[in-house]
Amino acid sequence: MIVAVIIACEIGFWILLGLGLACRYLWNRRALSTALLVSVPLLDVILLAAAVIDMRGGAPADFKHGLAAAYLAYSIVFGHSTLKWADAKFHHRYAGGPPPPRPPEAGSARTRSEWIFWLRIVLAYGIAWAVVLVMGWLVGKPGSMGELYMFLGQAAKVPLIALIWPVSYTLWPKKEEPAGS
(Lines give C-alpha, C1' and ligand atoms only; values in the text may rest on other atoms or scores of the structure.)
Protein backbone atom coordinates (compact mmCIF):
# COMPACT_ATOMS: atom_id res chain seq x y z
CA MET A 1 0.00 0.00 0.00
CA ILE A 2 2.75 2.44 0.94
CA VAL A 3 4.48 2.20 -2.46
CA ALA A 4 1.17 3.06 -4.15
CA VAL A 5 0.77 6.08 -1.87
CA ILE A 6 4.33 7.24 -2.65
CA ILE A 7 3.65 6.93 -6.38
CA ALA A 8 0.29 8.69 -5.99
CA CYS A 9 1.94 11.52 -4.04
CA GLU A 10 4.62 11.94 -6.71
CA ILE A 11 2.02 11.99 -9.48
CA GLY A 12 -0.13 14.31 -7.39
CA PHE A 13 2.84 16.66 -6.90
CA TRP A 14 3.35 17.08 -10.65
CA ILE A 15 -0.39 17.37 -11.34
CA LEU A 16 -0.87 20.05 -8.67
CA LEU A 17 2.25 21.85 -9.85
CA GLY A 18 1.26 21.71 -13.53
CA LEU A 19 -2.32 22.77 -12.89
CA GLY A 20 -1.20 25.50 -10.48
CA LEU A 21 1.19 26.97 -13.03
CA ALA A 22 -1.30 26.61 -15.88
CA CYS A 23 -3.92 28.43 -13.81
CA ARG A 24 -1.43 31.19 -13.10
CA TYR A 25 0.07 31.73 -16.54
CA LEU A 26 -2.37 30.32 -19.09
CA TRP A 27 -5.83 30.81 -17.60
CA ASN A 28 -5.32 33.91 -15.38
CA ARG A 29 -6.80 32.14 -12.34
CA ARG A 30 -4.37 33.46 -9.73
CA ALA A 31 -6.43 32.49 -6.66
CA LEU A 32 -6.94 28.93 -7.91
CA SER A 33 -3.25 28.73 -8.78
CA THR A 34 -2.27 29.78 -5.27
CA ALA A 35 -4.69 27.27 -3.73
CA LEU A 36 -3.28 24.44 -5.85
CA LEU A 37 0.35 25.31 -5.15
CA VAL A 38 -0.24 25.80 -1.42
CA SER A 39 -1.90 22.38 -1.26
CA VAL A 40 1.25 20.59 -2.48
CA PRO A 41 2.62 20.09 1.09
CA LEU A 42 -0.62 18.31 2.00
CA LEU A 43 0.66 15.41 -0.06
CA ASP A 44 3.52 15.05 2.42
CA VAL A 45 1.08 14.95 5.33
CA ILE A 46 -0.93 12.27 3.51
CA LEU A 47 2.23 10.24 2.91
CA LEU A 48 3.36 10.45 6.53
CA ALA A 49 -0.12 9.52 7.76
CA ALA A 50 -0.29 6.56 5.36
CA ALA A 51 3.11 5.28 6.52
CA VAL A 52 2.12 5.51 10.19
CA ILE A 53 -1.28 3.89 9.54
CA ASP A 54 0.41 1.10 7.59
CA MET A 55 2.86 0.36 10.40
CA ARG A 56 0.19 0.66 13.11
CA GLY A 57 -1.84 -1.83 11.09
CA GLY A 58 0.90 -4.39 11.60
CA ALA A 59 3.12 -3.87 8.56
CA PRO A 60 6.77 -4.28 9.47
CA ALA A 61 8.82 -1.10 9.24
CA ASP A 62 10.94 -1.64 6.14
CA PHE A 63 12.36 -0.17 2.95
CA LYS A 64 8.98 1.18 1.81
CA HIS A 65 8.55 3.26 4.94
CA GLY A 66 12.14 4.46 4.64
CA LEU A 67 11.39 5.53 1.09
CA ALA A 68 8.37 7.46 2.39
CA ALA A 69 10.63 9.21 4.95
CA ALA A 70 13.20 10.02 2.27
CA TYR A 71 10.47 11.37 -0.04
CA LEU A 72 9.14 13.55 2.76
CA ALA A 73 12.65 14.83 3.58
CA TYR A 74 13.29 15.63 -0.09
CA SER A 75 10.02 17.55 -0.25
CA ILE A 76 10.88 19.56 2.85
CA VAL A 77 14.39 20.50 1.67
CA PHE A 78 14.00 20.70 -2.10
CA GLY A 79 10.24 21.20 -2.61
CA HIS A 80 10.24 24.99 -2.52
CA SER A 81 13.22 25.30 -4.88
CA THR A 82 11.62 22.76 -7.23
CA LEU A 83 8.43 24.86 -7.28
CA LYS A 84 10.46 28.03 -7.93
CA TRP A 85 12.40 26.32 -10.73
CA ALA A 86 9.23 25.04 -12.39
CA ASP A 87 7.55 28.43 -11.99
CA ALA A 88 10.47 30.22 -13.67
CA LYS A 89 10.56 27.67 -16.53
CA PHE A 90 6.79 27.88 -17.05
CA HIS A 91 6.78 31.68 -16.84
CA HIS A 92 9.56 31.88 -19.43
CA ARG A 93 8.06 29.34 -21.83
CA TYR A 94 4.39 30.24 -21.68
CA ALA A 95 4.18 33.81 -20.42
CA GLY A 96 7.15 35.55 -21.99
CA GLY A 97 9.07 35.87 -18.74
CA PRO A 98 12.83 36.12 -18.50
CA PRO A 99 14.85 32.94 -18.80
CA PRO A 100 15.33 31.23 -15.45
CA PRO A 101 18.63 31.88 -13.73
CA ARG A 102 21.29 29.29 -14.34
CA PRO A 103 23.69 28.04 -11.71
CA PRO A 104 27.18 29.49 -11.91
CA GLU A 105 29.37 27.61 -14.37
CA ALA A 106 32.82 28.22 -12.90
CA GLY A 107 34.93 29.84 -10.25
CA SER A 108 34.28 30.24 -6.56
CA ALA A 109 30.57 30.87 -7.20
CA ARG A 110 30.24 27.37 -8.69
CA THR A 111 32.19 25.83 -5.80
CA ARG A 112 29.97 27.61 -3.27
CA SER A 113 26.86 26.48 -5.18
CA GLU A 114 28.03 22.85 -5.08
CA TRP A 115 28.73 22.99 -1.34
CA ILE A 116 25.33 24.56 -0.63
CA PHE A 117 23.60 21.86 -2.67
CA TRP A 118 25.53 19.16 -0.81
CA LEU A 119 24.62 20.68 2.57
CA ARG A 120 20.98 20.56 1.51
CA ILE A 121 21.39 16.85 0.71
CA VAL A 122 22.86 16.31 4.19
CA LEU A 123 19.95 18.26 5.68
CA ALA A 124 17.47 16.06 3.80
CA TYR A 125 19.26 12.98 5.10
CA GLY A 126 19.02 14.31 8.66
CA ILE A 127 15.34 15.09 8.21
CA ALA A 128 14.74 11.55 6.91
CA TRP A 129 16.22 10.25 10.17
CA ALA A 130 14.02 12.61 12.18
CA VAL A 131 10.94 11.47 10.24
CA VAL A 132 11.78 7.83 10.92
CA LEU A 133 12.23 8.54 14.63
CA VAL A 134 8.88 10.37 14.72
CA MET A 135 7.25 7.49 12.84
CA GLY A 136 8.64 5.06 15.44
CA TRP A 137 7.28 7.22 18.24
CA LEU A 138 3.86 7.58 16.56
CA VAL A 139 3.62 3.86 15.93
CA GLY A 140 4.67 3.14 19.49
CA LYS A 141 7.15 0.43 18.54
CA PRO A 142 10.57 2.09 18.35
CA GLY A 143 12.22 -1.30 18.90
CA SER A 144 10.74 -2.73 15.69
CA MET A 145 12.39 -0.14 13.45
CA GLY A 146 15.67 -2.04 12.86
CA GLU A 147 15.17 -2.64 9.15
CA LEU A 148 14.20 1.00 8.68
CA TYR A 149 17.37 2.11 10.48
CA MET A 150 19.38 -0.19 8.20
CA PHE A 151 17.75 1.42 5.16
CA LEU A 152 18.77 4.86 6.38
CA GLY A 153 22.26 3.58 7.10
CA GLN A 154 22.48 2.46 3.49
CA ALA A 155 21.02 5.80 2.36
CA ALA A 156 24.08 7.50 3.87
CA LYS A 157 25.76 6.61 0.58
CA VAL A 158 23.79 9.40 -1.11
CA PRO A 159 25.43 12.33 0.74
CA LEU A 160 28.77 10.53 0.62
CA ILE A 161 28.63 10.07 -3.15
CA ALA A 162 27.27 13.60 -3.62
CA LEU A 163 30.34 14.88 -1.76
CA ILE A 164 32.36 14.13 -4.91
CA TRP A 165 31.07 17.26 -6.67
CA PRO A 166 31.85 19.96 -4.10
CA VAL A 167 35.21 18.39 -3.27
CA SER A 168 36.16 18.15 -6.95
CA TYR A 169 35.14 21.78 -7.59
CA THR A 170 37.12 22.81 -4.51
CA LEU A 171 40.27 20.94 -5.53
CA TRP A 172 40.01 21.53 -9.28
CA PRO A 173 37.84 24.59 -9.85
CA LYS A 174 36.74 25.24 -13.39
CA LYS A 175 38.33 28.46 -14.56
CA GLU A 176 36.07 31.36 -15.45
CA GLU A 177 36.39 32.44 -19.06
CA PRO A 178 37.43 36.05 -19.53
CA ALA A 179 34.64 38.43 -20.54
CA GLY A 180 34.30 38.91 -24.30
CA SER A 181 35.60 35.46 -25.24
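**Figure 1. Overview of the salt bridges.** A search of the whole structure identifies three salt bridges, each defined as a side-chain nitrogen of Lys or Arg within 4 Å of a carboxyl oxygen of Asp or Glu. Side chains of opposite charge can pair when their charged atoms come close. Residues are numbered from 1 along each chain as its sequence is written, and side-chain values use heavy atoms, with hydrogens and water left out. Because the model is predicted, local features need pLDDT of at least 70 and side-chain atom pairs count only at pLDDT 80 or more, whereas totals for chains, interfaces and linings use all residues.

**Figure 2. Salt bridge between Asp-87 and Arg-24.** The two side chains meet at 3.6 Å, N to O. Asp-87 belongs to helix H4 (residues 63–95) and Arg-24 to helix H1 (residues 2–25), so the pair ties together parts that are 63 residues apart in sequence. Helices are DSSP runs (H or I, at least four residues), numbered from the N terminus. Arg-24 is buried, at a relative accessible area of 17%; buried means under 20%, exposed over 50%, and partly exposed in between (1.4 Å probe, protein chains only).

**Figure 3. Salt bridge between Lys-64 and Asp-62.** The closest N and O atoms of this pair are 3.0 Å apart. Lys-64 is partly exposed, with 28% relative accessibility, while Asp-62 is buried, with a relative accessible area of 11%.

**Figure 4. Salt bridge between Glu-114 and Arg-110.** Here the closest N and O atoms lie 2.8 Å apart. Both residues are in helix H5 (residues 107–139), separated by four residues, about one turn of the helix. Glu-114 and Arg-110 are both buried.

Key:
Helix = DSSP H or I, 4+ residues; strand = E, 2+ residues; numbered from the N terminus.
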